[in-house]
Amino acid sequence: MTEPAYVAVDWGTSSFRLWLVDRAGQVLTERRSGEGMLAAAKAGFPAVLRSHLAAVEAPDHLPVLVCGMAGARNGWVEAGYVDTPAPLSAVLKQAVRVPGEARDIRILPGIAQRDAAAPDVMRGEETQLLGALGLDAAGEALVCMPGTHSKWVRVRDGVVERFSTFMTGELFSVVSRETILSLAVAGADEAEDVASFKAAVKAAYEAPAFAANLLFGARSRQLLFGGTPAAARETLSGTLIGVELAAGLSGLVPQAGVKLIASGRLAMLYRLAFEALSVNADTVDADEAVRRGLSMAAAAIWTKSEDL
């Protein structure tokens with residue numbers, strides 16, 4: 001039977017994912033829950049982690065490597081940031097050990113862009129970048145990482161040069177639930193209206209300054225010309241993503257394309273968006289990227305096989 005070597009944890013704002021991993025980097029057991037930073041801050045980070053470690057029967061000697069919001073200022077232990085331009089290798093060297101724990105628990109730092117004109121931060125995405133690009137990636141890459149707060153990152157020869165955060169996912173949630181447009185999307189089923197989505201992406205990409213007007217069009221078009229709630233939902237989604245792409249793709253060399261790190265529905269939506277704009281996108285599964293990044297970090301932190 002394969003023996004576990006370490007525990008990898010991706011601790012987000014609203015989600016918790018844990019993997020029991022062997023020496024070869026293969027996942028032996030997986031745990032997922034909604035006990036992200038917000039919930040863990042109330043229940044206690046040590047208690048949440050211990051409950052999951054007990055559930056997978058992790059031996060007491062196994063080290064734990066954590067990325068994400070557990071290292072934020074309001075998280076378990078602040079892990080700080082690596083400043084841009086940030087070599088991905090520097091992320092591995094600045095992991096912070098959690099004090100007061102018998103088990104060796106390390107939290108990876110985030111990356112900060114200390115530019116007064118464009119301040120920005122990321123936590124968790126740096127580990128996905130590590131897993132998707134590796135430490136020795138040569139050349140330049142434009143990386144799109146969709147989510148509640150989407151990240152667009154420019155990486156050159158393994159160094160994060162600049163990045164930008166877009167609140168696309170959060171805006172979609174608020175606009176579709178808390179504004180007049182909630183009436184347009186009420187009752188939307190799971191059916192996808194690809195045509196409406198692509199049309200909205202193109203319209204917003206070509207005229208991002210009209211974003212607020214284009215969003216209201218989801219309701220006025222439905223009132224005047226009919227249309228399904230699903231079409232309205234895809235119009236909202238396509239408009240917000242199109243505005244994001246208008247900024248994210250600025251300065252892109254068309255032949256270079258984009259590295260898309262995403263999973264599930266987000267991966268599908270962004271592939272459709274890039275397709276609508278005739279932009280090549282190479283997709284990497286986000287779950288695989290973060291697991292691979294944590295494995296690389298574990299190997300770097302606990303360098304000798306006997307330490308794992």
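**Backbone and rings**

Tutor: P85 lies in the loop between β5 and β6 (86–87). Helices (H or I, at least four residues) and strands (E, at least two) are DSSP runs, numbered from the N terminus. This is a predicted model: local features need pLDDT of at least 70, side-chain atom pairs count only at pLDDT 80 or more, and totals for chains, interfaces and linings use all residues. Residues are numbered from 1 along each chain as its sequence is written, and side-chain values use heavy atoms, with hydrogens and water left out.

Student: What is the peptide bond from T84 to P85, cis or trans?

Tutor: The T84 to P85 bond is cis, with omega near -5 degrees.

Student: And what is phi of E57 near?

Tutor: Phi of E57 is near 55 degrees, a positive value in a residue other than glycine. E57 sits in the loop between α2 and β4.

Student: Is E57 buried or exposed?

Tutor: E57 is exposed, at 68% relative accessible area. The cut-offs: buried is under 20% relative accessible area, exposed is over 50%, and partly exposed is in between (1.4 Å probe, protein chains only).

Student: What about S278, where is it found?

Tutor: S278 is in the loop between α10 (264–276) and β15 (281–285). Its phi is near 60 degrees, again a positive value in a residue other than glycine. S278 counts as exposed, at 68% relative accessibility.

Student: Now the rings. How many aromatic pairs are there?

Tutor: The structure holds 5 aromatic pairs. Rings of Phe, Tyr and Trp (its six-membered ring) pair if their centres lie within 6.5 Å; planes under 30 degrees apart are stacked, over 60 edge-to-face, and the rest tilted. One of the pairs is W11 with W76, edge-to-face at 6.1 Å centre to centre and 70 degrees between the planes.

Student: How do F45 and W76 pair, stacked or edge-to-face?

Tutor: F45 and W76 are stacked, at 6.1 Å centre to centre with 10 degrees between the planes. F45 lies in helix α2 (residues 45–55), so this pair ties W76's loop to a part 31 residues apart in sequence. F45 is buried at 6% relative accessibility.

Student: Which residues do ring pairs link into a cluster?

Tutor: W11, F16, F45 and W76.
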